[in-house]
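Hi,

Here is the structure I promised to pass on. Have a look at it first, and then read my notes below.

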There are 2 protein chains.
Amino acid sequence: MQNKLFSFISKYISLTEDEKNALLSLNLFHSLKKGTVLLKEGQYAKESYFVLSGCIRTYYIIEGEEKTTAFYTETDVLTPHCVIHQTPSDYYVSCVEDCILTISNADMEAEVNSKFPKFEIMCRKLSEELLAKQRIDFDEFKTSSPEQRYLNLLQKRPDLIQRVPQHQLASYLGIKPQSLSRLRARILEKKS
Amino acid sequence: MQNKLFSFISKYISLTEDEKNALLSLNLFHSLKKGTVLLKEGQYAKESYFVLSGCIRTYYIIEGEEKTTAFYTETDVLTPHCVIHQTPSDYYVSCVEDCILTISNADMEAEVNSKFPKFEIMCRKLSEELLAKQRIDFDEFKTSSPEQRYLNLLQKRPDLIQRVPQHQLASYLGIKPQSLSRLRARILEKKS
């Protein structure tokens, strides 16, 4: 798992052995069982998550109903917006599968960044990339029909369709579970 | 306009006179007429935009129809995702109003960041903030009905409703122009 983390980081900056050891001394790696809730609505948080294996999701509870807004799988990064804004969280984060995550917090990051300024460069590049990626997803969501959204997902993240429960997938796609079933049936029919 | 830029920057880092002069020497400020197209589908680009006054928008042309996905007004920042990914743009950027923008490019930014590492810190903080803000907008869009989206906009960016054409606003809200008219009539009726 260490190698997975270092290989991810090496896309942005090259690390010396000292820097690798500094990271390893932070006790970043955590194994979590499926169903673990990492963050609840109303809580304050400082943690960022990097998914080494497994899947976590963010969801709101609106009028008693769960609304899943995002799934994070291998090498995805999540810093909940409540961490940036230092406000109580308005959503939940939980493990859809057994997970291995690195969990870092704002204090750790400030310490590492001040000791090794190149981490600042990595964080900047990573945030810019995530911003661009999220914008593409948002634009696609805005400009697509539910059927197109499902087809995009099939193309871009086919594993998700197998990994997550259908009702979570439906709200992620912004549709009702019954509509997702009908839509899948329609697509299968077209293919056959 | 210089003061507006420096006041924005001062939210993230404090600048010395030397650093201010380095920025001013870059010829960042540009006045542009309403309707100016800053970026076209298919073009490669290196430019980021910071809106000092006016409004710019991003839009796709899909099956001959414009789909507006975002509006950027005073103190908003846009780095098109094609700049980050170094791919041809899949959308257009144009001025909805007469604008004063700072336009910087990736080379300038690399130069400034290497000379003054604190700009790296600003870019990192800003990207993290924009990522969090965009995530909130995306989540709201996903979990809201068209009527709620309009009410959210009324609350968060009431000026937009006066500033931009209705058909652009409709596609920004992910609905048809006729639906926007009906929805506005319905809200007005409830209020009266």
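Let me begin with how the copies are arranged in this predicted model.

A word on conventions: residues are numbered from 1 along each chain as its sequence is written, while chains are lettered from A and ligands numbered from 1 in the order in which they are written. Because the model is predicted, local features need pLDDT of at least 70 and side-chain atom pairs count only at pLDDT 80 or more, whereas totals for chains, interfaces and linings use all residues.

On confidence, chain A has a mean pLDDT of 93, with 100% of its residues at 70 or more (pLDDT is the predictor's confidence in each residue, from 0 to 100). The model scores ipTM 0.93 and pTM 0.93.

Now the interface. 27 residues of chain A are in contact with 27 residues of chain B, contact meaning that C-beta atoms, placed from the backbone, lie within 7 Å. On the chain A side, β4 (56–62), β5 (65–72), α3 (81–85) and α5 each give two or more residues (helices, H or I, of at least four residues and strands, E, of at least two are DSSP runs, numbered from the N terminus). The largest share, 17 residues, comes from α5(A). Since 100% of the interface residues of chain A are also interface residues in chain B, the copies meet through the same surface.

Finally, the α5 pair: helix α5 (residues 118–143) of chain A packs on helix α5 (residues 117–143) of chain B at about 25 degrees, with axes 8 Å apart. Axes are lines fitted to C-alpha atoms, for helices over the stretch in contact, and angles run from 0 to 180 degrees between N-to-C directions.

Best wishes

Key:
Contact = placed C-beta atoms within 7 Å.
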